[in-house]
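Q: I'd like to talk through the charged side-chain pairs in this one. Can we take them a few at a time?

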Amino acid sequence: ANVNTLYFRAGRQRLVWNPIADNPGRSFGHLTVALGLSDTAGVADDIWYMTVRMSDGHVDYHGTNFAARVNQNLYKCRYMAFRRCPATTSDAWKAISGGKDYFVMGTSDPNDEVMKPRNAAAVNVRLTKDFWLGVFPVTWGQWKALGFERSTDAVSYKGNDYYIAMGIAYAQTRGEDNGMYCFPASRAVDPDSYMGRLRTLTSLPFDLPTEAQMEYAIRAGTTSKWYWGENVEDPLPVGTWEVGLGSRGVPPNAWGFYDISDAAGQWTTTLGKDANVAYYPHVAGDDPEGETPTWSPRMRVTRGVNCYAGNAAYAQAAFRYPQTSFGGTAAELRFTGFRVCLVLPDEPSASGK
């Protein structure tokens, strides 16, 4: 008999056993494998952060104290860090929303000339599942870690491995926006896309966030125009694309997301314009995803504004900008990046459900 005892941090873990490596040159007429689990004192249930090691896909989980060290360069290149967003049906959300089981997406301000033409009228949205979202936009270091090359565009290429990967087409993130990879009819991603390689590395169903998930994460419980308040300097100073620096004087939001609305446009899976090239309105209700487009050009919503945009209005929590995802020009992509999202309803919950 051979018994191994392994110790893991709190949270969901992946255990891989290689019997050949453990027993070289041996053969067994009969083999019994048993897995025993025991709870140990001192393991916190308060799991709010997750990290993925980019070299081998190892996943680890962390409590609230991880917020104090997530802004290290280690988690912008060699690892990818995620923060949990609690479902609006959870006790954690109800505690900060006055008991509501929804959040208000969009804006109904009739005097807002920036938001008004984008059909961003406010609607009530329920998100019924916790989800993980990248603490930072994907950086060049994380982009290269999965075998992709940096853009050669003079603007998109700017900076070191801790700079936001920009100039990224929608097809590069999850697959050509057509046929078998066209969301939400299909959850499949191109195996050679970024999400495809990340799924292979980790065996987890990573994807882009929906627009509702992205705005929910941007707001982090706030209802003001900007997640940092109602008033902001206009124009917003031009900053840098190195993540986590707050170069415009903008701090991370209340949930610890950096560069989420003031550094780069970031892809979502949600439809941006309809067949008549009119802005697609927000959809109320539970876990909205939009519809599957069957026309060209196809456009998906991006959230956030690039560092070259001086108008502070574009950094509002509700600001949306459709970018061409299939059948059109990619001229604007030099300022477009993305974050990674993961919905796992069977994860250990930190949200009190």
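Q: Which side chain does R334 meet in a salt bridge?
A: In this predicted model, the side chain of R334 forms a salt bridge with that of D153, at 3.0 Å from N to O.

Q: Where do R334 and D153 lie?
A: R334 is in the loop between β10 (320-326) and β11 (336-337), while D153 is in the loop between α3 (140-145) and α4 (170-174), so the pair ties together parts that are 181 residues apart in sequence.

Q: And how accessible are R334 and D153?
A: R334 has 31% relative accessibility and therefore counts as partly exposed, and D153, with a relative accessible area of 24%, is partly exposed too.

Q: Switching to R300, what does its side chain pair with?
A: The side chain of R300 meets that of D177 in a salt bridge of 2.8 Å, N to O. This pair links distant parts of the chain, with R300 in strand β9 (residues 298-303) and D177 in the loop between α4 and α5 (194-202), 123 residues apart.

Q: Are R300 and D177 buried or exposed?
A: Both R300 and D177 are buried.

Q: What about E215, which residue is its salt-bridge partner at 2.5 Å?
A: That partner is R303, with the 2.5 Å taken from N to O; E215 sits in helix α6 (residues 211-219) and R303 in strand β9, 88 residues apart. E215 counts as buried because its relative accessibility is 0%, and R303 also counts as buried at 0%.

Q: Which residues are linked with E215 in a network?
A: E211, R219, R303 and R320 are linked with E215 in a network of salt bridges.

Q: How many salt bridges does the structure hold?
A: The structure holds 18 salt bridges.

How values were computed:
Residues numbered from 1 in each chain as written. Predicted model: local features only at pLDDT ≥ 70, side-chain atom pairs only at ≥ 80, totals over all residues. Heavy atoms only, no water. Salt bridge = Lys/Arg side-chain N within 4 Å of Asp/Glu carboxyl O. Helix = DSSP H or I, 4+ residues; strand = E, 2+ residues; numbered from the N terminus. Buried < 20%, exposed > 50% of the residue type's maximum accessible area, 1.4 Å probe, protein only.
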